[in-house]
Amino acid sequence: AVVFDFDGTLVRTDIDFAAMRQGIIEHLHQWGLGEPGVEESRYVLEIIAWAEARLQDYPRRQEQYRQEAKEIIREVELPQCERAEPFPGVPEALQQLRAASRKIGIITRNSREGVAAVLCRHPLPYDVLITRDDLSNVKPHQEHLEQALTTLGVAAAQALMIGDHATDIQCGQAAGVRTCGV
């Protein structure tokens, strides 16, 4: 099997991750949850998870925080996904993998809604798609990739993880899968 990252690997989404990050950091501070070092040392989803953990004794506030953070991400992510297109040669490469009887997986920190906004206009062949909405631990945690391999019925030694970010490589290495950075 070949398992791909989505944004930046298969598809050019041009998501403004800096704006997304800034929005989440501002949200964190509006909630009075900012602490020195939190923003610099974590990715956006990890900042949100950290804040949610701080609110664990207040389930209603935790859910409100989660929904507001999710909307901040959606407002940055979705408009770009609605315009995104596969990189040149990607559809053909995936077709060649399919013709060679290779299973194709996609794992992404993007939302299912964001990915669907691309794939409804530019269908790409795949056997499994796992987004951030589908499990608790996303890349670089290996659960993301391990779930894809389980669904595909493929052992780690028989798979390749391809991605454009350090989290893709870290995920593959943690799962015992060969990796390739693009």
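Q: What makes Glu77 and Arg132 count as buried or exposed?
A: Both residues land in the buried class. That label is for a relative accessible area under 20%, while exposed means over 50% and partly exposed is what lies in between (1.4 Å probe, protein chains only). Keep in mind that this is a predicted model, where local features need pLDDT of at least 70, side-chain atom pairs count only at pLDDT 80 or more, and totals for chains, interfaces and linings use all residues. Residues are numbered from 1 along each chain as its sequence is written, and side-chain values use heavy atoms, with hydrogens and water left out.

Q: How do you know that the side chains of Glu77 and Arg132 meet in a salt bridge?
A: Check the gap: N to O, the two side chains are 2.8 Å apart. A salt bridge needs a side-chain nitrogen of Lys or Arg within 4 Å of a carboxyl oxygen of Asp or Glu, so the pair of Glu77 and Arg132 qualifies. Glu77 sits in helix 4 and Arg132 in the loop between strand 5 and helix 7, so this pair ties together parts 55 residues apart in sequence. As for those names, helices (H or I, at least four residues) and strands (E, at least two) are DSSP runs, counted from the N terminus.

Q: What makes Lys139 and Asp5 a salt bridge?
A: Their closest N and O atoms are 2.6 Å apart, which passes the salt-bridge limit. This pair also links distant parts of the chain: Lys139 is in the loop between strand 5 (128–130) and helix 7 (143–152), and Asp5 is in the loop between strand 1 (2–4) and strand 2 (11–12), 134 residues away. Lys139 and Asp5 are both buried.

Q: How many salt bridges does a search of the whole structure find?
A: It turns up nine.

Q: Why is Glu52 called buried?
A: Its relative accessible area is 15%, so it falls on the buried side of the cut-off. Arg66, at 28%, counts as partly exposed. The side chains of Arg66 and Glu52 meet in a salt bridge, with 3.2 Å from N to O. Arg66 belongs to helix 4 (residues 59–81) and Glu52 to helix 3 (residues 44–54), 14 residues apart.

Q: Why are helix 1 and helix 4 called roughly antiparallel?
A: Helix 1 (residues 17–30) packs against helix 4 at about 160°, with the axes 9 Å apart. Axes are lines fitted to C-alpha atoms, for helices over the stretch in contact, and angles run from 0 to 180 degrees between N-to-C directions. Under 35 degrees is roughly parallel, over 145 roughly antiparallel, 65 to 115 roughly perpendicular, and the rest oblique. Helix 1 and helix 4 are therefore roughly antiparallel. Among the residues making this contact are Met20 and Ile24 of helix 1 and Ile72 and Ile73 of helix 4.

Q: What makes helix 4 and helix 6 roughly parallel?
A: Their axes come within 8 Å and cross at roughly 15°. That value makes helix 4 roughly parallel to helix 6 (residues 112–119). Here Arg74, Leu78 and Cys81 in helix 4 meet Glu113, Gly114, Ala117 and Val118 in helix 6.

Q: How do you know that Ile73 is buried?
A: Its relative accessibility is 2%, so it counts as buried. Ile73 is part of helix 4. Leaving out residues up to four places away in sequence, Ile73 touches Met20, Ile24, Val44, Leu45, Ile48 and Arg132, where contact means heavy atoms within 4.5 Å.

Q: Why does Thr167 count as buried?
A: Thr167 has 4% relative accessibility, which puts it in the buried class. It is found in helix 8 (residues 166–174). With residues up to four places away not counted, Thr167 touches Tyr43, Lys139 and Pro140.

Q: What makes Ala93 partly exposed?
A: Its relative accessibility is 36%, so Ala93 counts as partly exposed. Ala93 lies in helix 5 (residues 90–99).
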